[in-house]
Amino acid sequence: MQGGYQGQQMAYAGQMLAYQQDHQLSETETRKFERREMRLKMMEKKAKQEVGHDETVVKGIVVLALFNAALLFICLCGGSWKFRAFRGFGMKTLSLQTSLLSINVEFECGKNWVEDKVCKFFQGLNGHHSLMEFSHLSCVMGETPCQTMKTLYYGNFIIFLTVSTAIILQLGGAGFIWFYWYKAPLAKVREWALNMMTVGPLLAVTGIGSWAFCTPDLGDLPRGWAALMSSYTGNSLLSYHPLNNLEFGWTFFLAIITVLFMFAQVAVFPCCFRAHWREQITEQELEEEATPNPEVSEPSHRAGLPRPERLRLSGRPGRRGSQRPRLA
């Protein structure tokens with residue numbers, strides 16, 4: 001018996017040795033395995049770098065959107081959407097600049113004592129005035145100044161509506177892209193962010209262009225004042241010529257630069273931005289949650305019997321339709 005047991009042990013040891021020899025990796029296979037592991041590590045490192053690059057692009061888009069929204073807000077509060085400067089007889093210089101809510105008039109006298117008498121007649125207009133107040137004052141001076149100020153006053157509502165909406169769209173797009181990348185990488189959220197950031201500059205450039213086309217030139221104001229002066233004296237003592245041909249101030253040009261930044265922000269999306277690597281996984285998880293599982297159902301439905309029938313066939317006491325079996 002002992003010899004037979006030892007023979008079995010030897011046979012088992014021989015089988016194990018043969019198995020190990022058969023499954024032992026050769027030197028070539030070992031090198032292949034090491035290269036495969038090295039490639040996997042390099043791919044993992046490259047994937048981490050790409051994810052880090054994509055995250056940097058997202059942060060850059062968010063920062064640029066917030067920066068553009070801040071610039072648009074500065075444009076809304078800016079004090080020089082329109083600007084005109086004049087020089088001529090009866091004034092040393094005249095400068096007019098308007099914001100969306102007010103107008104600033106500066107008559108500068110001091111050329112000579114004759115022209116200063118004409119200049120002092122209009123020097124009472126100097127200072128900051130609200131557009132509504134100055135519109136009422138201009139309507140007293142004549143039809144031309146009245147129509148100019150009314151058109152300017154109501155035309156500024158175009159800037160208020162379009163630029164304010166563009167600011168909201170910029171902030172909303174930044175919020176959606178942040179929520180998409182760090183909270184819920186869903187395709188709908190990404191599309192909402194892209195649409196908001198695309199509609200924002202389009203709305204802003206439409207509003208600014210419409211405002212520039214509809215609002216009048218501030219040179220119509222001194223033209224109306226000259227007509228008022230000539231009605232008093234019988235002669236046009238007030239003459240002027242513009243110092244330059246620019247009709248807009250620094251706020252208008254800042255708004256144009258901001259719109260260009262906004263379009264550059266939109267161009268970043270197809271060039272640099274890529275969808276989140278978890279987007280398809282998240283979409284599949286939501287589909288699986290929304291799809292009902294047919295295996296999870298009540299036993300009555302799996303049995304294919306309606307509930308009342310099962311109750312009658314169950315034979316349990318205390319239920320309607322159930323009876324105890326009678327003894328014979």
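**Exercise 1.** In this predicted model, find the bridge partner of Gln 97 in strand E3, then describe how strand E2 is paired and how far it is enclosed.

*Solution.* 
1. The bridge partner of Gln 97 in E3 is Asn 104.
2. Strands E2 and E3 (residues 102-108) run antiparallel and are joined by 6 bridges.
3. Of the 8 residues of E2 (residues 91-98), 6 are buried, so the strand is largely enclosed by the rest of the structure.

**Exercise 2.** How many salt bridges does a search of the whole structure find? Describe each pair.

*Solution.* 
1. The search finds 3 salt bridges.
2. Glu 55 and Lys 59 form one of them, at 3.9 Å from N to O. Both belong to helix H2 (residues 27-77); because they are 4 residues apart, about one helical turn separates them.
3. Asp 217 forms a salt bridge with Arg 84, with the closest N and O atoms 3.1 Å apart. This pair links distant parts of the chain, 133 residues apart: Asp 217 is in the loop between helices H6 and H7, and Arg 84 is in strand E1.
4. Arg 190 pairs with Glu 279 in a salt bridge, the closest N and O atoms being 2.9 Å apart. Arg 190 lies in helix H6 and Glu 279 in helix H9, 89 residues apart.

**Exercise 3.** Is Glu 279 buried or exposed?

*Solution.* 
1. The cut-off for buried is under 20% relative accessible area.
2. Glu 279 has 11%, so Glu 279 is buried.

Methods:
Residues are numbered from 1 along each chain as its sequence is written. This is a predicted model: local features need pLDDT of at least 70, side-chain atom pairs count only at pLDDT 80 or more; totals for chains, interfaces and linings use all residues. Side-chain values use heavy atoms; hydrogens and water are left out. Buried means under 20% relative accessible area, exposed over 50%, partly exposed in between (1.4 Å probe, protein chains only). Helices (H or I, at least four residues) and strands (E, at least two) are DSSP runs, numbered from the N terminus. Two strands pair if DSSP finds at least two bridges between them. A salt bridge is a side-chain nitrogen of Lys or Arg within 4 Å of a carboxyl oxygen of Asp or Glu.
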